[in-house]
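Please look through the sequence and the model first, then read the notes by topic.

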Amino acid sequence: MQLSEAEWKVMNRVWEEHPTSARAVLDGVEDETGWAYTTVKTMLTRLVEKGALVERKEGGRSLYEPKLTRVMARTAALRALLDRAFGGALGPMMSHLVEDEKLSARERKELRRLIEEQRK
């Protein structure tokens, strides 16, 4: 499931605190986005329709919980980037990250650790 940039903002807020209300989501993103309450409600409804969120009613208000995990969303986003920018090939993407993005010593160490972990 692909998320738009705006949907990522909403989902990040829901992942941080759930169950949550539209008002709480707005409070968490309003300074950054300038969105109105109705915009947040529309986004939440769209994410429910896409299957990313579950809505339940409690005391006359809607509460939202993630159905799509952060890991699932990241995996889909990375797969889409890999397919679009690198023809689905992981090697060229890794080369780009290592060579062109100038990984820090800490990032290189973490990458080595992950590769070694996968070898086991």
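**Briefing on the predicted model**

Arg-13 lies in helix H1, where helices (H or I, at least four residues) and strands (E, at least two) are DSSP runs numbered from the N terminus. This is a predicted model, in which local features need pLDDT of at least 70, side-chain atom pairs count only at pLDDT 80 or more, and totals for chains, interfaces and linings use all residues. Residues are numbered from 1 along each chain as its sequence is written, and side-chain values use heavy atoms, with hydrogens and water left out.

**Arg-13**

- Arg-13 is buried, at a relative accessible area of 19%; buried means under 20%, exposed over 50% and partly exposed in between, with a 1.4 Å probe and protein chains only.
- Apart from neighbours within four places in sequence, Arg-13 is in contact with Ala-24, Val-25, Gly-28 and Val-29, contact being heavy atoms within 4.5 Å.

**Helices H1 and H2**

- Two packed helices are described by the distance between their axes and the angle between them.
- The axes of H1 (residues 5-16) and H2 (residues 22-33) come within 9 Å and cross at roughly 135 degrees. That makes H1 oblique to H2.
- Axes are lines fitted to C-alpha atoms, for helices over the stretch in contact, and angles run from 0 to 180 degrees between N-to-C directions.
- Angles under 35 degrees count as roughly parallel, over 145 as roughly antiparallel, 65 to 115 as roughly perpendicular and the rest as oblique.
- On the H1 side, Lys-9, Val-10, Arg-13 and Val-14 meet Ala-24, Val-25, Gly-28, Val-29, Glu-32 and Thr-33 in H2.

**The loop between H1 and H2**

- Pro-19 is placed in the loop between H1 and H2.
- His-18 and Pro-19 are joined by a cis peptide bond, with omega about -5 degrees.

**Leu-26**

- Leu-26 lies in helix H2 and is buried, with a relative accessible area of 3%.
- Leaving aside neighbours within four places in sequence, Leu-26 is in contact with Trp-35, Ala-36, Tyr-37 and Val-40.
- From C-alpha to C-alpha, Leu-26 and Glu-58 are 18 Å apart in space, and they are 32 residues apart in sequence.

**Strands S1 and S2**

- Strand S1 (residues 53-58) pairs with strand S2 (residues 61-66) in the antiparallel sense over 6 bridges; two strands pair if DSSP finds at least two bridges between them.
- Glu-55 has Tyr-64 in S2 as its bridge partner.
- The hairpin of S1 and S2 has 2 residues between the strands, and Gly-59 there takes a positive phi near 60 degrees.
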